Amino acid sequence: MNPSTAQARVIVDELVRNTVSHVVLCPGSRNAPLSLALRDAEAAGKLTLHVRIDERGAGFLALGIAARTGRPVAVVCTSGTAAANFHPAVLEADRAGVPLIVLTADRPPELRAAGANQVIDQQHLYGDAVRYFDELAVAERRAGQNAYWRSQVCRAWNAAYGEWRCGPVHLNVPFREPLVPDDDPHWYESLDGRPRGARWTELPEYGALPSFVVPSTRHGLVIACDAGVHAASEWASEHGWPVLSETGGLGLGGDTAISGGPWLLGIEEFLDEHKPEQVLCIGRPTVFRQVQRLLSDPAVEVLLVRPDADWPAPAHNVRQVGQWFDAPTKPADPEWLARWQRADAAAVTAVHEALAREPWPNGLRVAEELVRGLPEGALLVVGSSNPARDVALVGGRRRDVLVHRNRGVAGIDGTVSTAVGAASVHRAPSYALLGDLTFLHDINGLLIGPAEARPDLTIIVVNDDGGGIFSLLEQGAPEHSEGFERIFGTPHGADLAALCAGYGVPHRRADTLEEFRDALTPQPGLRVVEVRADRSRHRALHATLREAVATAVTG
């Protein structure tokens, strides 16, 4: 047996022993030893292999699977720019706390020094975005390497799963030729792992005891982000604090949930009279500026629940940080909660009534109808920019829906691939709500080979022919209208139906509300539903809704 084959087989076997059950593979020559070992492991029923030709999309596919399962997923590529294309997914995994094991093949040192083809410097390629980096020594024809290879895989898995918080790790593996197996089965030592499928190195699952945040006011507010929504809902309900989420009402449960929170925080008159003394923030808020303004208010004490050292501090005024939260030292004021609930009911009613008077379609109405029409237990992957905001602003209460957003660095990279990955391991119908630029940016996520499984995923694309989010920002103000379309609006004129046809993915246009509702009926397989909207109305529509909320809440 040649050294590269021996090393690759041991690496794959130890990954399996460390509970890695999904691996995403990109084709290449230098990573052939790993490719062949992974194929054999899948044939033996040890793991599920996903093959993709686009490394950037493959990284996000792995991220989607890892985010949904909560377990490390390995992603494998050849050397050179292939490895560089994993970088956006590595950055997102770092900031979002998603466990990825990145395996990049490389030339051995003597070929790098000789200026060989397809060579870049892959040492610490992803910088400090990874929890752990190691370049394995080049495999040699000698005994004593099995334990080393297995030990390094265990180190990488442990770092990805995180003593404090999950994240990506990087193993760079230089392979010498030959890169394919030979006919000699002999090796210089046993390549077996521990008996009974055990890991080579047993490591504890998160050993340290958590530190606790202890609120101490009767007038507090909870802000929950992504993974912390369910736990925050339960804590807030038990202790009588209003709780709002950056996903609006999605995922919020209990008796104290405020689904219209993003609207209420934007009304200065309301907030002046209902300013919390303390805000208990779970996770890292990234969507709404009104949330950032509240956390920056010097009159508000900020308590953070964040399981690592990278905590958000908009005004650098955080009072306390912990891994979990404890009971407050003072009982909540029931009238404080009642006032927030009355305002929430008024805001939600005002938004839905005002939105119903608007012509179909617009992004907010699409989000409202989508959330309302999702089947029980559905997965909803929400794109960045407008979809993340639209769902939070009008989605309403749905605790039975699982939401995923790539909000680690909040980019539009790889969102189609993320949705495909998350849907592939979800046991109920899955949906994604994306803008047209997000969809086009990762349209290669639709490129799934005939031998690969396709998830039950409906991708809804709100196509307003450009960057609709900029209409709502400073750049979209009337005084900046000159040149806006070219440098911010960026219309593209792409034919989504033709593009989907080229990828062999069913496409449907929903021009009426009835057609859209019908398109949400769960169906097997991957499909795209396009809704064409006019972004010229975005700014005015949001102003109309803000005015309606302000009138309803402040009287």
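Predicted model: local features only at pLDDT ≥ 70, side-chain atom pairs only at ≥ 80, totals over all residues.
A salt bridge is a side-chain nitrogen of Lys or Arg within 4 Å of a carboxyl oxygen of Asp or Glu. E140 and R142 form such a pair, with their closest N and O atoms 2.7 Å apart.

## Salt bridges

Side chains of opposite charge can pair when their charged atoms come close. A search of the whole structure finds 28 salt bridges, and the table sets out three of them.

| Pair | N to O distance |
|---|---|
| D94 and R131 | 2.5 Å |
| E140 and R142 | 2.7 Å |
| E246 and R405 | 3.9 Å |

The bridge between the side chains of D94 and R131 links distant parts of the chain, for D94 belongs to helix 5 while R131 sits in the loop between helix 6 (109–113) and strand 5 (133–135), 37 residues apart. D94 has a relative accessibility of 17% and therefore counts as buried, since buried means under 20% relative accessible area. R131, with a relative accessible area of 30%, is partly exposed.

E246 and R405 are both buried. Elsewhere, salt bridges that share partners join R365, E368, E369, R372 and R517 into one network.

Helix 5 covers residues 87–96, and its buried residues are A89, V90, E92, A93 and D94. What covers these buried residues includes helix 3 (55–69), strand 4 (100–106) and strand 6 (168–174). After helix 5 comes G97, whose phi is positive, near 70 degrees.

Helix 8, made of residues 229–239, has V229, A232, S233, W235, A236 and H239 as buried residues. The buried residues of this helix pack against strand 8 (220–224), strand 9, strand 10 (278–282) and strand 13 (324–325). Just after helix 8, G240 takes a positive phi of about 80 degrees.

## Single residues in their surroundings

N31 lies in the loop between strand 1 (22–25) and helix 2 (32–43), and with a relative accessible area of 0% this residue is buried. When residues up to four places away in sequence are not counted, N31 touches L25, C26, V76, C77, T78 and A105.

E42 is found in helix 2 and is partly exposed, with a relative accessible area of 36%. If neighbours within four places in sequence are left aside, E42 is in contact with L47, T48 and L49. The C-alpha atoms of E42 and V23 are 9.6 Å apart in space, while the two residues are 19 residues apart in sequence.

S471 has its place in the loop between strand 17 (457–463) and helix 17 (484–489), and at 8% relative accessibility S471 counts as buried. Apart from residues up to four places away in sequence, S471 touches G476, F484, R535, H538 and R539.

## A surface patch and a pocket

On the surface, F212, V214 and W324 form a nonpolar patch, and together they have about 260 Å² of accessible area. F212 lies in strand 7 (residues 212–213), where it is partly exposed, with a relative accessible area of 39%.

Rolling a probe the size of a water molecule over the atoms shows where empty space is left. In this model, the second largest pocket holds about 610 Å³ of space. This pocket is lined by 18 residues, of which F288, R289, Q290, L472 and R546 are the closest to its centre. The elements that give two or more residues to its lining are helix 9 (261–264), helix 11 (289–296), helix 14 (386–394) and helix 20 (538–554).

Technical notes: Residues numbered from 1 in each chain as written. Heavy atoms only, no water. Patch = residues over 30% accessible without salt bridge, like charges linked within 9 Å, V, L, I, M, F, W, Y side chains within 5 Å. Areas by Shrake-Rupley, 256 points an atom, 1.4 Å probe, with all protein chains shown as cover. Helix = DSSP H or I, 4+ residues; strand = E, 2+ residues; numbered from the N terminus. Buried < 20%, exposed > 50% of the residue type's maximum accessible area, 1.4 Å probe, protein only. Contact = heavy atoms within 4.5 Å. 1 Å grid on protein atoms, 1.4 Å probe; cavity = no way out; pocket = protein on both sides within 12 Å on 5 of 7 lines; lining within 4 Å. Points joined across faces, edges and corners; volume = space filled by probe spheres on them.
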